[in-house]
Amino acid sequence: MIKISPSVLACDFSKLGEEVKKVEEAGADMLHLDVMDGSFVPNISFGPDVIKSIREQSKLCFDVHLMIDNPDRYIDTFVKAGADIITIHYESCENQREVLKMIREAEKKAAISIKPMTPAFVLDPLLPYLDMILVMTVEPGFGGQKFMEDTMEDVRMLRAMIKEAGYHIDIQVDGGINAETAAIAAEAGANVFVAGSAVFKAKDTKKAIADIRAAAEAAFTE
Ligand code: DX5
Ligand code: ZN
């Protein structure tokens, strides 16, 4: 099933509550929340208190993308803040399996992300612990970058690995996603699409989400 997850990183933070409401009413399936610590990535965004404050105003599935070192320290905090899906980075810790287990023990969906230079095969032993895999289609840290098409090799390989092992794992793509690149990623096997600029900077939010969804649905082949 195709899902669209607008990234609030591209919204007007002075009107955060209204911006979240806007994408919820425009047909978003999830809300992508990019947490950056200034160490794992060279940028700082927002933390659990901000997520908690918008949790009270939204029924959307909260898709929390943790770009932080040693995320095991904060799983409990983000669970309490209202996360529904928690994505950690493969490159951010040594104990990925334990952290994924912690997320599932808290009855949340567990996900892991790989940066563009990390090969997809490293995730093979972690498949039993995953509800979603995020393939970064830009170097993490900033919105508004250009989609890296060579990451589609990883999406293709992961879709094949998941199918062969018989799991139901979503594949999410994040970075430079618009209707055109969503079609490319869906064709490779992605089914969850994060879009920051393409949704929040669009004049017509509803149309922007609908266009990404339509392009992805037309191109997706299981
Ligand atoms: C980048 C973030 C993305 C970012 C996407 O590190 O993980 O979620 O907000 O923004 P766009 O869609 O503008 O590339
Ligand atoms: Zn993200």
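## The pocket of ligand 1

The largest pocket in this predicted model is the space that ligand 1 takes up. A pocket here is an open set of points on a 1 Å grid over the protein atoms alone, with protein on both sides within 12 Å along at least five of seven lines. A molecule sits in a pocket if more than half of its atoms lie within 2 Å of the grid points of that pocket.

Ligand 1 is surrounded by 20 residues, and the closest are Asp34, Gly141, Asp174, Gly196 and Ser197. A residue belongs to these surroundings if one of its heavy atoms lies within 4 Å of the molecule. By class, this shell holds eight nonpolar, 10 polar and two charged residues. In that count Ala, Val, Leu, Ile, Met, Phe, Trp, Tyr, Cys and Pro are nonpolar, Asp, Glu, Lys and Arg are charged, and the others, Gly among them, are polar.

## Contacts and cover of ligand 1

Oxygen atoms of ligand 1 take part in polar contacts, that is, pairs of N or O atoms within 3.5 Å; within protein, one atom must be able to donate a hydrogen and the other to accept it, and residues adjacent in sequence count only if both atoms are side-chain atoms. A polar side-chain atom of Asp34 is 2.7 Å from an oxygen atom of the ligand. Gly141 places a backbone N or O atom 2.7 Å from an oxygen atom of ligand 1. For Gly196, a polar backbone atom is 2.7 Å from an oxygen atom of ligand 1. On its own, ligand 1 has 380 Å² of accessible area, and the protein covers 99% of this. Accessible areas come from the Shrake-Rupley method with a 1.4 Å probe; for residues, only the protein chains shown count as cover.

Which elements give two or more residues to the shell around ligand 1? They are β2 (30–36), β3 (61–67) and β8 (192–195). Strand β2 gives the most, with three residues. Strands (E, at least two residues) and helices (H or I, at least four) are DSSP runs, numbered from the N terminus.

Ser58 sits in the loop between α2 (48–55) and β3. Ser58 counts as buried because its relative accessibility is 7%; buried means under 20% relative accessible area, exposed over 50%, and partly exposed in between (1.4 Å probe, protein chains only). The side chains of Ser58 and Glu24 make a polar contact at 3.0 Å. A polar atom of the Ser58 side chain also lies 3.1 Å from the backbone nitrogen of Leu60.

## Positive phi angles

Most residues other than glycine have a negative phi. Asn70, not a glycine, has a positive phi of about 45°. Asn70 lies in the loop between β3 and α3 (75–81) and is partly exposed, at 39% relative accessibility.

Glu107 is not a glycine either and has a positive phi of about 60°. Its place is the loop between α4 (96–105) and β5 (109–114). Is Glu107 buried or exposed? At 73% relative accessibility, Glu107 counts as exposed.

## Pairs separated in sequence

Glu139, in the loop between β6 (132–136) and α5 (152–165), is partly exposed at 33% relative accessibility. Glu139 and Val41 are 98 residues apart in sequence, with 9.0 Å between their C-alpha atoms. Cys93 is in the loop between β4 (85–89) and α4 and is buried at 8% relative accessibility. From Cys93 to Asp69 the separation is 24 residues in sequence and 6.6 Å in space, C-alpha to C-alpha.

Met161, in helix α5, is buried, with a relative accessible area of 15%. The C-alpha atoms of Met161 and Glu56 are 38 Å apart, and the two residues are 105 residues apart along the chain.

## Conventions

Residues are numbered from 1 along each chain as its sequence is written, while chains are lettered from A and ligands numbered from 1 in the order in which they are written. Local features need pLDDT of at least 70, side-chain atom pairs count only at pLDDT 80 or more, and totals for chains, interfaces and linings use all residues, while side-chain values use heavy atoms, with hydrogens and water left out.

Definitions and conventions
1 Å grid on protein atoms, 1.4 Å probe; cavity = no way out; pocket = protein on both sides within 12 Å on 5 of 7 lines; lining within 4 Å.
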